[in-house]
Amino acid sequence: MTANQIILSLERFSILVNVKIAVAIGLPAVVAATLLPILASVPAYAANVAANITIGAQSKTTDAYSPNPLKINVGDTITWTNKDSAPHTVTSGSSATPDGKFDSSPGFRQLLIPEGTFSHTFEEAGEYPYYCGLHANMVGTVIVAAGGDNGGTPQDTSITALIFPIIVAILAASIAAIIGYARFARKRTGSSGTP
Ligand SMILES: [Cu+2]
(Lines give C-alpha, C1' and ligand atoms only; values in the text may rest on other atoms or scores of the structure.)
Protein backbone atom coordinates (compact mmCIF):
# COMPACT_ATOMS: atom_id res chain seq x y z
CA MET A 1 0.00 0.00 0.00
CA THR A 2 1.30 3.39 -0.98
CA ALA A 3 0.84 6.43 1.22
CA ASN A 4 -1.81 7.76 -1.18
CA GLN A 5 -3.76 4.49 -1.00
CA ILE A 6 -3.67 4.60 2.79
CA ILE A 7 -4.92 8.21 2.80
CA LEU A 8 -7.63 7.26 0.28
CA SER A 9 -8.81 4.30 2.35
CA LEU A 10 -8.70 6.47 5.50
CA GLU A 11 -10.88 9.03 3.74
CA ARG A 12 -13.32 6.33 2.65
CA PHE A 13 -13.43 5.03 6.22
CA SER A 14 -14.02 8.59 7.41
CA ILE A 15 -16.99 9.00 5.01
CA LEU A 16 -18.38 5.65 6.17
CA VAL A 17 -18.06 6.65 9.84
CA ASN A 18 -19.72 10.00 9.18
CA VAL A 19 -22.56 8.39 7.25
CA LYS A 20 -23.03 6.04 10.21
CA ILE A 21 -23.04 9.01 12.61
CA ALA A 22 -25.55 10.83 10.41
CA VAL A 23 -27.78 7.75 10.34
CA ALA A 24 -27.30 7.18 14.08
CA ILE A 25 -28.46 10.75 14.81
CA GLY A 26 -30.91 11.14 11.95
CA LEU A 27 -32.84 7.87 12.27
CA PRO A 28 -33.80 8.26 15.96
CA ALA A 29 -34.63 11.91 15.21
CA VAL A 30 -37.02 10.87 12.44
CA VAL A 31 -38.59 8.18 14.64
CA ALA A 32 -38.88 10.61 17.58
CA ALA A 33 -40.38 13.30 15.35
CA THR A 34 -42.97 10.82 14.11
CA LEU A 35 -43.86 9.52 17.58
CA LEU A 36 -43.75 12.90 19.35
CA PRO A 37 -47.18 14.17 18.22
CA ILE A 38 -48.72 10.78 19.02
CA LEU A 39 -47.24 10.79 22.54
CA ALA A 40 -47.89 14.49 23.12
CA SER A 41 -51.22 14.41 21.24
CA VAL A 42 -51.08 17.87 19.73
CA PRO A 43 -54.60 19.20 20.38
CA ALA A 44 -55.03 20.96 17.04
CA TYR A 45 -56.45 17.85 15.42
CA ALA A 46 -60.17 18.06 14.81
CA ALA A 47 -61.10 14.43 15.14
CA ASN A 48 -64.39 12.94 14.09
CA VAL A 49 -65.66 10.67 16.83
CA ALA A 50 -68.41 8.13 16.32
CA ALA A 51 -70.99 7.28 18.97
CA ASN A 52 -74.13 5.16 18.92
CA ILE A 53 -77.55 5.02 20.46
CA THR A 54 -77.60 1.32 21.31
CA ILE A 55 -80.21 -1.32 20.57
CA GLY A 56 -82.94 -1.36 23.20
CA ALA A 57 -81.77 2.04 24.48
CA GLN A 58 -85.15 3.07 25.85
CA SER A 59 -84.89 0.53 28.68
CA LYS A 60 -81.28 1.45 29.45
CA THR A 61 -79.61 4.19 31.51
CA THR A 62 -75.88 5.01 31.28
CA ASP A 63 -75.41 2.28 28.65
CA ALA A 64 -78.02 3.70 26.27
CA TYR A 65 -75.35 5.75 24.51
CA SER A 66 -72.02 4.17 23.58
CA PRO A 67 -69.23 4.78 24.34
CA ASN A 68 -70.12 6.45 27.61
CA PRO A 69 -68.62 8.60 28.98
CA LEU A 70 -67.28 9.88 25.71
CA LYS A 71 -63.83 11.46 26.14
CA ILE A 72 -62.74 13.86 23.43
CA ASN A 73 -60.57 16.95 22.88
CA VAL A 74 -61.55 20.55 22.15
CA GLY A 75 -62.42 20.90 18.46
CA ASP A 76 -63.56 17.30 18.05
CA THR A 77 -66.91 16.50 16.45
CA ILE A 78 -69.11 13.70 17.71
CA THR A 79 -71.58 12.04 15.39
CA TRP A 80 -74.24 9.96 17.09
CA THR A 81 -76.00 7.28 15.02
CA ASN A 82 -79.25 5.78 16.20
CA LYS A 83 -78.69 2.01 16.02
CA ASP A 84 -81.98 1.31 17.77
CA SER A 85 -85.32 0.56 16.08
CA ALA A 86 -87.08 3.35 18.01
CA PRO A 87 -86.61 7.12 17.66
CA HIS A 88 -84.56 8.97 20.28
CA THR A 89 -82.89 12.34 20.85
CA VAL A 90 -79.45 13.59 21.91
CA THR A 91 -80.28 16.53 24.15
CA SER A 92 -77.78 18.34 26.38
CA GLY A 93 -78.75 18.85 30.00
CA SER A 94 -79.50 16.78 33.06
CA SER A 95 -82.52 15.66 35.08
CA ALA A 96 -84.57 15.80 31.87
CA THR A 97 -83.96 19.56 31.67
CA PRO A 98 -82.33 20.83 28.47
CA ASP A 99 -79.49 23.35 28.91
CA GLY A 100 -79.52 24.45 25.28
CA LYS A 101 -75.90 23.53 24.47
CA PHE A 102 -76.83 20.96 21.84
CA ASP A 103 -79.97 19.15 20.77
CA SER A 104 -80.66 16.74 17.93
CA SER A 105 -84.36 17.48 18.15
CA PRO A 106 -85.26 21.03 19.25
CA GLY A 107 -88.93 21.09 20.18
CA PHE A 108 -89.10 17.38 19.18
CA ARG A 109 -89.71 18.52 15.61
CA GLN A 110 -87.08 16.19 14.18
CA LEU A 111 -86.43 13.01 16.14
CA LEU A 112 -83.40 10.80 15.56
CA ILE A 113 -85.02 8.01 13.59
CA PRO A 114 -83.33 4.59 13.17
CA GLU A 115 -79.97 5.11 11.37
CA GLY A 116 -80.45 8.86 11.77
CA THR A 117 -77.39 10.88 12.77
CA PHE A 118 -76.68 14.02 14.77
CA SER A 119 -73.33 15.81 14.92
CA HIS A 120 -72.00 18.43 17.32
CA THR A 121 -68.56 20.08 17.53
CA PHE A 122 -67.26 20.82 21.04
CA GLU A 123 -65.32 24.10 21.16
CA GLU A 124 -64.98 24.40 24.94
CA ALA A 125 -63.52 22.08 27.57
CA GLY A 126 -65.83 20.71 30.21
CA GLU A 127 -68.35 18.02 31.05
CA TYR A 128 -71.54 17.87 29.03
CA PRO A 129 -74.33 15.67 30.38
CA TYR A 130 -77.04 14.74 27.92
CA TYR A 131 -80.13 12.57 27.75
CA CYS A 132 -82.94 11.41 25.51
CA GLY A 133 -85.89 13.80 25.42
CA LEU A 134 -88.26 10.87 24.94
CA HIS A 135 -86.72 8.55 27.54
CA ALA A 136 -85.09 10.58 30.31
CA ASN A 137 -83.60 7.38 31.78
CA MET A 138 -81.18 7.37 28.81
CA VAL A 139 -78.21 9.45 29.96
CA GLY A 140 -74.68 10.09 28.76
CA THR A 141 -71.74 12.39 29.35
CA VAL A 142 -69.25 13.99 26.99
CA ILE A 143 -65.96 14.95 28.63
CA VAL A 144 -64.00 17.50 26.60
CA ALA A 145 -60.33 18.02 27.50
CA ALA A 146 -58.71 21.43 26.96
CA GLY A 147 -55.98 19.75 24.97
CA GLY A 148 -53.85 16.68 24.91
CA ASP A 149 -54.68 13.05 25.31
CA ASN A 150 -58.05 12.40 26.84
CA GLY A 151 -57.66 8.68 26.42
CA GLY A 152 -59.30 6.24 24.06
CA THR A 153 -60.18 8.70 21.31
CA PRO A 154 -58.55 8.08 17.95
CA GLN A 155 -56.71 11.14 16.71
CA ASP A 156 -56.93 12.43 13.19
CA THR A 157 -54.22 10.93 10.97
CA SER A 158 -54.82 13.28 8.05
CA ILE A 159 -51.98 15.06 6.25
CA THR A 160 -52.41 18.08 8.57
CA ALA A 161 -51.40 15.87 11.48
CA LEU A 162 -48.31 14.68 9.61
CA ILE A 163 -46.91 18.11 8.64
CA PHE A 164 -45.39 18.80 12.06
CA PRO A 165 -43.39 15.50 12.32
CA ILE A 166 -42.28 15.84 8.69
CA ILE A 167 -40.87 19.35 9.34
CA VAL A 168 -39.11 18.15 12.51
CA ALA A 169 -37.72 15.11 10.66
CA ILE A 170 -36.37 17.26 7.81
CA LEU A 171 -34.77 19.69 10.31
CA ALA A 172 -33.23 16.83 12.32
CA ALA A 173 -31.92 15.10 9.18
CA SER A 174 -30.43 18.39 7.95
CA ILE A 175 -28.69 19.05 11.27
CA ALA A 176 -27.35 15.46 11.32
CA ALA A 177 -26.08 15.84 7.75
CA ILE A 178 -24.39 19.18 8.54
CA ILE A 179 -22.74 17.72 11.66
CA GLY A 180 -21.63 14.66 9.67
CA TYR A 181 -20.22 16.77 6.85
CA ALA A 182 -18.46 19.16 9.25
CA ARG A 183 -16.74 16.24 10.97
CA PHE A 184 -15.75 14.75 7.61
CA ALA A 185 -14.42 18.10 6.33
CA ARG A 186 -12.39 18.63 9.51
CA LYS A 187 -10.82 15.16 9.28
CA ARG A 188 -10.07 15.67 5.58
CA THR A 189 -8.29 18.99 6.26
CA GLY A 190 -6.37 17.35 9.11
CA SER A 191 -5.18 14.35 7.05
CA SER A 192 -4.05 16.44 4.05
CA GLY A 193 -2.16 18.81 6.40
CA THR A 194 0.09 16.02 7.71
CA PRO A 195 2.01 14.15 4.98
CU1 LIG B 1 -84.87 7.64 23.72
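How many bridges join strand 1 (residues 48-53) to strand 4 (residues 77-82), and do they run parallel or antiparallel? Let's find out in the viewer.

Before you click, note that this is a predicted model, where local features need pLDDT of at least 70, side-chain atom pairs count only at pLDDT 80 or more, and totals for chains, interfaces and linings use all residues. Residues are numbered from 1 along each chain as its sequence is written.

**The whole chain.** Colour by secondary structure to see 2 helices and 9 strands; these are DSSP runs numbered from the N terminus (helices: H or I, at least four residues; strands: E, at least two). From the N terminus, the order is α-β-β-β-β-β-β-β-β-β-α. Of the 195 residues, 20% are buried, meaning that 20 or more other C-beta atoms, placed from the backbone, lie within 10 Å of the residue's own.

**The sheet.** Next, select residues 48-53 and 77-82: strand 1 and strand 4 run parallel, joined by 6 bridges. Within this pair, I53 has N82 of strand 4 as its bridge partner. Now widen the view to the open sheet of 4 strands, ordered 2-1-4-7 with mixed pairing. Its edges are strand 2 (65-66) and strand 7 (117-121), each pairing on one side only. Two strands count as paired if DSSP finds at least two bridges between them.

**The loop.** Finally, pick G56, in the loop between strand 1 and strand 2. Is G56 buried or exposed? G56 is exposed because it has 12 other C-beta atoms within 10 Å, and the cut-off for exposed is 12 or fewer.
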